[in-house]
Amino acid sequence: MRWALVKVSLAVTVMVVLAFALPLGIVIKEMARDRAFSNAERQAATIGPTLTVTTERRMLERAVESTPAGAVGRMAVHIPASGEPGGLPLEIGKRRAAKKDLATVERIGRASITEVSGGSALLQPTAIGTGQIAVVEIFVPEGEVSNGVDTAWLVLAGVGIALIVGSVAVADRLGVRMVQPAQRLAGAAHDLGEGRLGARVPEEGPPELRSAAVAFNSMADQVVQLLANERELAADLSHRLRTPLTVLRLNAASLGESAAAEQTRAAVAQLEREVDTIIRTAREAKPQTAAAGPGAGCDVSEVVRERMGFWSALAEDEGRKVRLAGVDRPVRIPVARPELAAALDALLGNVFRHTPEGTAFSVDVHNSDDAVIVLVSDAGPGIADPAAAMARGNSGARDGSTGLGLDIVRRVAESTGGDVRIGRSVLGGTEVRIWIGLDPREAARGQRRSRHRGRVQRRRKPAVR
């Protein structure tokens, strides 16, 4: 494209220069010729008054020599023979024109220009006192006819060359300006095709290429988003397996010391390790939870009762006191039932995993016109750094933890425009507050905040819980 633009610009500029320079050069040549012969006519006119007074040779020779043209031998005067017997024609100066040309001018009485050796001759008819026609001849050398023409042609040629060079340079710069964004776009597409997902294109250049760069960057973001969603789905599904695995592990611990019990415990431990491996492999995925559509959602009271019924058996085995409040009437929220169940299992699993046996806990549901709040509290040791615990993957530094539990809870809340807070509970331990919004407009803003927070938190280092 770059060389094509240069060739087109070169061809157009050459045609424009030729179209203007050639006619202008011809006009300059004609002006120089007209200037030379106009000067010759003025020289011829200076001898006219003398011819009207006298035709005596000596007087005419003096008059001719007194003119600029006569002084350098370029003027000649041709007087025809008088009508008297024995009269002879009179010639003063050097004749260069042919006799037939002189006779023609004398006969027609009109000035004429004829070609002679070394230049041209202006033949100017002039009436004399005898009533006859004398012819004044002015020699105009070839160099005087073309005086200044060569310089003008050189100037025109220089201007034309400068225009051509300038147009080629401008076309080349324009070509570079268009080619470089296209090359960057091609390079970024090649990098993206080879798996370098961070490849992006600067949105600059001509409007068409800027639009292409914007579309490419948007496409690359979508590719990254799709891959992140796939990895996160794998992580979330694997994390949900932790709940039944925890139950299996606790039940396996009560099987005694038989060989079958040891095999069962070993199998459960191996399964936990495999699930942890899957989750840690996908832990860098970009978080995104889609907002529930119109009519979608679940009854938070029903889901809480169901999940507490599941965990109550384990709580009874470990001697934990459980309190449940605010679930005596239906409360609809814009969250899919599996998502809410996964979030509750993650929080309750953390209670069993990170607090000693016998530690009490509670789940409370509070609702208002614009939000529903779910509180999960325990009487355990608490969380030393709640902000670090909320960062995605931070608890992955501890054995048996992948760091995705609280992140699942956070994504569920932010999908509705809400959030998650960690604080000190009235029981003395940790209180996790899930704020679930009921306004669809807040849900859209919450998803944008979730995506931005995910990009920031993926760069943080793992901490605790």
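A nonpolar core is a set of buried Ala, Val, Leu, Ile, Met, Phe, Trp, Tyr and Cys residues joined through side-chain atoms within 4.5 Å. Buried means under 20% relative accessible area, exposed over 50%, and partly exposed in between, with a 1.4 Å probe and protein chains only. This is a predicted model: local features need pLDDT of at least 70, side-chain atom pairs count only at pLDDT 80 or more, and totals for chains, interfaces and linings use all residues. Residues are numbered from 1 along each chain as its sequence is written, and side-chain values use heavy atoms, leaving out hydrogens and water.

Start with the largest nonpolar core. It has 39 residues, and Val300, Val304, Ile333 and Leu340 touch the most other members. Two or more residues come from each of α11, α12, β9, β10, α13 (386-390), α14 (405-414), β11 and β12. These labels follow DSSP runs, numbered from the N terminus: helices are H or I with at least four residues, strands are E with at least two. Helix α12 gives the largest share of this core, 9 residues. Take Val304 as a probe point. Leaving aside residues up to four places away in sequence, Val304 touches Leu324, Val327, Leu344, Val363 and Val365; contact means heavy atoms within 4.5 Å. A second, separate core holds 22 residues, among them Ala36, Ile79, Val140 and Val145.

Now the sheet. It is open, built from 5 strands in the order β7-β9-β10-β12-β11, with mixed pairing. Two strands pair if DSSP finds at least two bridges between them. At the edges stand β7 (322-325) and β11 (419-424), each pairing on one side only. From one strand to the next, the twist averages 15°. Axes are lines fitted to C-alpha atoms, for helices over the stretch in contact, and angles run from 0 to 180 degrees between N-to-C directions.

Follow the strand pairs. β10 (residues 371-378) and β12 (residues 430-437) are antiparallel, with 7 bridges. Val374 stands opposite Ile434 in β12. Val372 has Ile436 in β12 as its bridge partner. β11 and β12 also run antiparallel, joined by 6 bridges. There, Gly423 is bridged to Glu431 of β12. β11 and β12 make a hairpin with 5 residues between them, and Gly428 in the turn has a positive phi of about 105°.

α11 lies across β7, β9 (361-367) and β10, and runs at about 175° to β9. α12 packs on the sheet as well, touching β9, β10 and β12, and its direction makes about 15° with that of β10.

Next, the rings. The structure holds 3 aromatic pairs. Rings of Phe, Tyr and Trp (its six-membered ring) pair if their centres lie within 6.5 Å; planes under 30 degrees apart count as stacked, over 60 as edge-to-face and the rest as tilted. Trp311 and Phe352 are stacked, at 5.1 Å centre to centre and 25° between the planes. Trp311 lies in helix α11 (residues 300-317) and Phe352 in helix α12 (residues 337-354), so the pair ties together parts that are 41 residues apart in sequence. Phe352 also pairs with Phe361, edge-to-face, at 5.6 Å centre to centre and 65° between the planes. Trp311 and Phe352 are buried. Phe361 is buried too. Ring pairs link Phe310, Trp311, Phe352 and Phe361 into a cluster.

Charges meet rings as well. The charged end of Arg307 sits over the ring of Phe310, 4.7 Å from its centre. Arg96 places its charged end over the ring of Phe139, 4.3 Å from its centre. The test is NZ of Lys or CZ of Arg within 6 Å of the ring centre and within 35 degrees of the ring normal.
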